Amino acid sequence: MTALKSSVAAGFVAAVMFTALNAAGQVAAQQEKQVFDRVTAKLDRGGTYYSFQNNKYFYENVRKWFDSIQKGILASELKGIKPMQVAMFSQGIRMLVPALGINELQAYGASSILIDEGGKNSDRQFRNKVYFYHGKNKPNGLLWQLAGERNERFNLKFLPKNTIYAGIGQFHPAKIWVWAKKEVPQLFPPALMIINTAEVKFQQRFNLPLEQLLNKLGGTWTIVITYEKDASGKPFMRGVMIVPVTDGVPFDLLAGNMKDKNIKVDLQRREINMDTGKTAPVEVREMLRPQIKEEGKLLYLASSPEILLQLKHAETSGNGLTAMPEFNRYARGLDFNGVQFTYLSSAFMDDLVETISFHSRNKQSAAIISCMFSVMSPSAMISVISLDDEGVMVNTNSGFDLASSGGAQANIATTSVLAGMLLPALSQAREKACRIRCVSNLKSIGLALKQYAADHNGQFPPGDNTAGLNELISKGYLADPGVYICPSAESRKAVLPGRPLTEAGCSYIYLGGQIEGPSPDAPLAFDKPENHNGYINVLFKSGHVAGFSRTGLTNCEKTVRSLAGKLQSAEAEQLLNKAREIDRKMGYK
């Protein structure tokens, strides 16, 4: 009887647990359906592109993936990778994701639908929508703050009719600075001192707290680029950035620090005019006559006064961009109430290429740049970003749908962001490990050279580069060909055992013919210029190896010159002559 009661009780508990789990599953499924319905209600169905992603389990899986990478690094044989460094990096990423607000993106969806088939003189037009859903809770991450604060009606009447690009959006630099002061030191502790020092120096120089200045610049910023030709057919592109200001302090700060003779400050008219000078190339003088002008609560940073006149003419005449047929065609169905606005003319690429080609002094570079831009298909685009209570909506009218302009990649956008943060750090860790192994290689070569010198009356192998190092292989001092390959030099492959070294199978420069004893700080061998980016390991005659962060060491002569500070002039010149000869043979410039 007791056994029966126990069995009944166990069955009852199991039934309760099953019911609870089933109910929890139903609630979870219902919540997931609600998110799906809220996101997809913002999209267009039946078009050329449609996608949805719920991130409910995505971040948990990313954390597991990240933990497995961390364990893999710790379990690897990479020397120089300390557990504390890996732990700090891991903690930094975990803090950065919420600081940016990436984990607050609950779901997102995207769609494309054809709204105009086009014709002989016009391309097709698609309505592209992307919706980023954060739910009822207000997000706090930096990326959400950058989206803007509240929807506002865009004033587009001032845009000139020859505008080829316009970007209007809410931007609050003080918010970014406050975020940086709070979050960056937690990810990189030395940044706290850098930030504090920057604030102190700014206060000392301008007698104004940096954050106070940045607070004066928050609001709706604008960038406009125009294109035109003069009477002779010469193309010009002009640009202006319009910055909101709360008072005249930013202008006064700029005016007070303009000391160049080519800069004229007019405090009464609130203008700063800059002359590029007679020494500047003609094309620069024609394109650039910068002007800074304060007018009302706006600060204009213009490439020339002409573009400011164009803005005023468009505003007063009503004959600006909004009156142009292309603009009106692509503006169809869009609500110009939001936080960000972007316009791109269909002629933007052609105008840019023509201007670069005409004004560039380096015609070869201009041809390369023009070729790069010319492969981009021309299409106009108007995009409006707006906010609602639960997310951020992006509406774009364009000649391309999301399937052909990268929409498929939107499905892995969040993954790309996280990978983009992770991979550079992993790459740095790998490079550090490669440098350490490179040091080990040079130490092994140094020991073999010392043994060789001990057997040859203090004389190191006489030949330079592989001619000298092959002595170590042929006479058995260091026969392993893998030691002569720097792990960072992935394009080089070790020669087969028993074969002589070739330059393609060797990553190091060897300065042969030196004598053991005098000048222990003379370089004996070092990395070839292409091994590491901005870094070099050096084997000295004393046998010790040291690494240096150096840029611009594109050949052996520059490397030896940077290391010859402690040498006698005669010996330094001898090594420099040897380095020049190696450069000549190796083709280093």
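Which residues line the largest cavity? The close-ups below start there. This is a predicted model, where local features need pLDDT of at least 70, side-chain atom pairs count only at pLDDT 80 or more, and totals for chains, interfaces and linings use all residues. Residues are numbered from 1 along each chain as its sequence is written, and side-chain values use heavy atoms, with hydrogens and water left out.

**View 1. The largest cavity and its lining.** Gln-145, Leu-146, Gln-170, Phe-171, His-172, Lys-175 and Ile-176 form the lining. Two or more of the lining residues come from each of α4 (142-147), β5 (163-171) and α5 (173-187); helices (H or I, at least four residues) and strands (E, at least two) are DSSP runs, numbered from the N terminus. By type, the lining splits into three nonpolar, three polar and one charged.

**View 2. Lys-578 and its partners.** Lys-578 sits in helix α17 (residues 569-586). Skip its neighbours within four places in sequence, and Lys-578 touches Asp-464, Leu-511 and Gly-512 (contact means heavy atoms within 4.5 Å). Asp-464 is 114 residues away along the chain, yet the two C-alpha atoms are 8.3 Å apart.

View 3. The protein's average pLDDT, the predictor's confidence in each residue from 0 to 100, is 82, and 81% of the residues score at least 70. Residues 407-419 fall below 50, and this stretch has 24 contacts in the model beyond near neighbours in sequence.

Notes
On a 1 Å grid over the protein atoms alone, a cavity is a set of points where a 1.4 Å probe fits but cannot get out, and a pocket is an open set with protein on both sides within 12 Å along at least five of seven lines; lining residues have an atom within 4 Å of a point. Ala, Val, Leu, Ile, Met, Phe, Trp, Tyr, Cys and Pro count as nonpolar, Asp, Glu, Lys and Arg as charged, and the others, Gly among them, as polar.
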